[in-house]
Amino acid sequence: MRSGSFSPVGKLRMSLLLADGWLITMNAAREVLERGSVCVVGDRIAAIGTRAQLTQRFPEAEVVDCSGKIVMPGMVNTHTHLFQTLLKGLGDDMVLKKWFTCMTGPSAVHLTAEDAHAAAMHGCVESIRGGVTTVVDFMYAHPRPGMIAAVVTAFEETGVRGFVCRGFASMGEEYGTPVELIEKPEAALGDAKEQIRRFNKPGGRVQVGVACNMIWTVDEDGYRQTRRLADEEHVLVTTHIAETDFELETAAAKYGKTDTEFLAEIGFLGPDVLAAHCVQCATSDIALLKQHDVKVLHNPCSNQYLASGFAPIPEMLRAGVTVGLASDGPASSNNHSLFQAMKFAALQQKAVHRDAEIITAETVLEMATIGGAKAVGLEQEIGSIEVGKKADIVVVDYDNAWMMPIHHPVSALVYSALGHEVVMVVIDGRVVMRDGVVTSVDERAVRRNAQVHADELTARAGTDVFKRRAWRSASPA
């Protein structure tokens, strides 16, 4: 067993009754029950009702008193790069192109499968701690074999649900993409097919998908081959779209159109496509996303960290585009917190549009739960607390100085919570965190191992120079 693991996630499931919590169901009626109880049997939600009703129906169930707590669906982080867990804080104060070519890309060149596993373990534990039960990892760095298996193993050990998308770059040396990260599409997608057939099983908690990096690192043939493989293997496909002005400039220079228009023209877009960022999408691009039922992945913290701008999320929602919430890689948002992402997603739009109602707390909670579930094609299985759905459930203790006094649970989650208030997490019917302690792996060992790999990776890459940067203050006016 790899470092950091001490107990298998695949223990025998038991019946569990989460009783008397402030239950946010996220069902179609968006019911919020002030003293609701939910019973889990096996990997499914068996019943919702009062404590008395459910203890009578399920006398064998273990009762967990959730009074003074919020019970909600597990959140879905629709876009991250788990290997970047080892690079937190090195890319401060850079725009995306400089951030990638000066720090992230050079670091990724030296990545090993052991690094990738250590990073993914930490990222999965961090996700569990923050109430995230499903993660989409966009793994585009493959300087050595074994990266996808390393990440899948981390998902399996920690108990997280998710998608590990085998990404690649097929060009971009002229823009600063390290040559060691550039692969021929045939080779990259051949490996992707091998990993898909190795790991994907019907109904499996962890699935492998495919990914194209972005318009300045992937050529037309790479996009076309990715589309063919996704169609053949019926897997999720994801890419970065319109994240920055540089992407639009590159697309215009190469193809005479936006990257969204180009991808629509070559038949790449479709309902299985997860489009990360979409910050610079115009109204015409949004119409194309809606026409092809593309799912947008909103990364508000990363977009501000990299000075990329503000995605037109209100316009997308008005157009009927499905939007999921995401953290992006922790080298450009610096953690995996969807609590932070929810607050930023709401507040930035209010400020930009000077409209207090343009994005509500309820809207961003939808993005983080049922919207994310719809984005990854699992809205019939996860994203809400409903009878028959998978038991992916989070318990938040609001008895703390940040969330109390409390009047409205959704407001408290989005605007007051800091993200460390999660005390219990159930994924696929298994308890992976109880009483604030991660139970699937040894968290302290995971953290220590991640720090060792972070130090060693950046030393090999020479990007540890960013640890010793000079003090930087804003220039005087």
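Start by selecting helix H12, residues 338-353. In this predicted model, local features need pLDDT of at least 70 and side-chain atom pairs count only at pLDDT 80 or more, while totals for chains, interfaces and linings use all residues. Residues are numbered from 1 along each chain as its sequence is written, and side-chain values use heavy atoms, with hydrogens and water left out.

H12 lies across S6, S7, S12 (295-298) and S13, at about 80° to S6. Helices (H or I, at least four residues) and strands (E, at least two) are DSSP runs numbered from the N terminus; contact means heavy atoms within 4.5 Å. Axes are lines fitted to C-alpha atoms, for helices over the stretch in contact, with angles from 0 to 180 degrees between N-to-C directions.

Now show the open sheet: 8 strands, ordered S6-S7-S8-S9-S10-S11-S12-S13, with parallel pairing (at least two DSSP bridges between two strands). S6 (75-80) and S13 (323-325) are the edges, each pairing on one side only. Neighbouring strands are turned by 25° against each other on average, direction ignored.

Zoom in on S7 (132-139) and S8 (161-166), joined by 6 bridges. Phe138 stands opposite Cys165 in S8.

Next stop: H7 (245-255), where Glu247, Thr250, Ala251 and Tyr255 are buried (under 20% relative accessible area; exposed is over 50%, partly exposed in between, 1.4 Å probe, protein chains only). They share one side of H7 because they cover an arc of only 100° around the axis, taken from the directions from the helix axis to the C-beta atoms. Their cover includes H6 (220-233), S10 (237-241) and H8 (259-265).
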